Amino acid sequence: SKVGQHIEILELEQFGKSLFIDSELQVAEKDEHLYSSTFVNSGLKLNKQKDKAAIIGGGDGGVARECINQSFNLIDWYELDPQVVEVCEKYLSKVGQKATTKNSVKCIWGDAFESIKSVEDNKYDKIFVDLNDDQYCIDLAAKNIKAIKRILKKNGTITAQVGSQDKKPKQVDSWLNLFNGNFGNAELDRVYIPSFDCSWNFASSINK
């Protein structure tokens with residue numbers, strides 16, 4: 001892509017059409033619903049408010065679709081790479097279900113953390129951080145956590161996909177420490193995702 005990511009759609013015998021970015025599996029058609037529904041419900045479990053949501057990342061469209069299905073009134077979708085979204089809408093349409101065309105969804109292309117600088121305070125009930133589960137993204141979130149907190153309503157929730165406690169426990173701990181340090185609370189949810197061959201974790205905090 002123009003952003004420099006290597007995007008592939010591969011047909012996996014067991015899991016159907018699947019998105020790979022830089023040779024890493026991101027999502028598979030057959031079990032993507034486990035990921036996205038657990039992700040969104042992790043935030044809703046702590047606070048039922050569904051007026052405005054922000055999604056940071058999530059180019060396959062699964063989290064956006066889930067927010068639409070949960071009847072959020074407004075969804076601001078911050079995505080770095082429009083070509084990932086285009087490819088997924090074309091070849092993985094079951095995942096996103098044309099989320100970009102829905103009236104409730106506004107796509108903001110480019111660096112999310114630059115974009116949110118111009119967002120008003122206390123805008124969102126929910127923020128979903130769907131970035132890569134590596135140290136670079138933990139550092140990126142840590143660097144911008146005050147900006148994220150600023151645009152989150154009081155008692156709003158932030159939820160991030162934090163990778164696998166089974167495979168990378170230190171990484172999950174780093175996310176939990178980041179959330180605990182900035183919000184004073186963190187809860188961890190997990191779901192087994194067959195195409196990942198492990199359980200996957202989502203961390204959530206309330207902005208008290």
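I counted two cavities of 30 Å³ or more. My rule for a cavity: on a 1 Å grid over the protein atoms alone, a set of points where a 1.4 Å probe fits but cannot get out, with lining residues having an atom within 4 Å of a point. Points are joined across faces, edges and corners, and a volume is the space filled by probe spheres set on them.

Note on provenance: this is a predicted model, where local features need pLDDT of at least 70, side-chain atom pairs count only at pLDDT 80 or more, and totals for chains, interfaces and linings use all residues. Numbering runs from 1 along each chain as its sequence is written, and side-chain values use heavy atoms, with hydrogens and water left out.

I looked up the largest cavity: its volume is about 40 Å³. Its lining includes W77, C88 and L92.

Among the residues lining it I found Q26, Y35 and F196.

Then I checked the largest pocket (an open set with protein on both sides within 12 Å along at least five of seven lines). I got about 1200 Å³ for it. It has 41 lining residues, with Q26, L131, N132, D133 and C137 nearest the centre.
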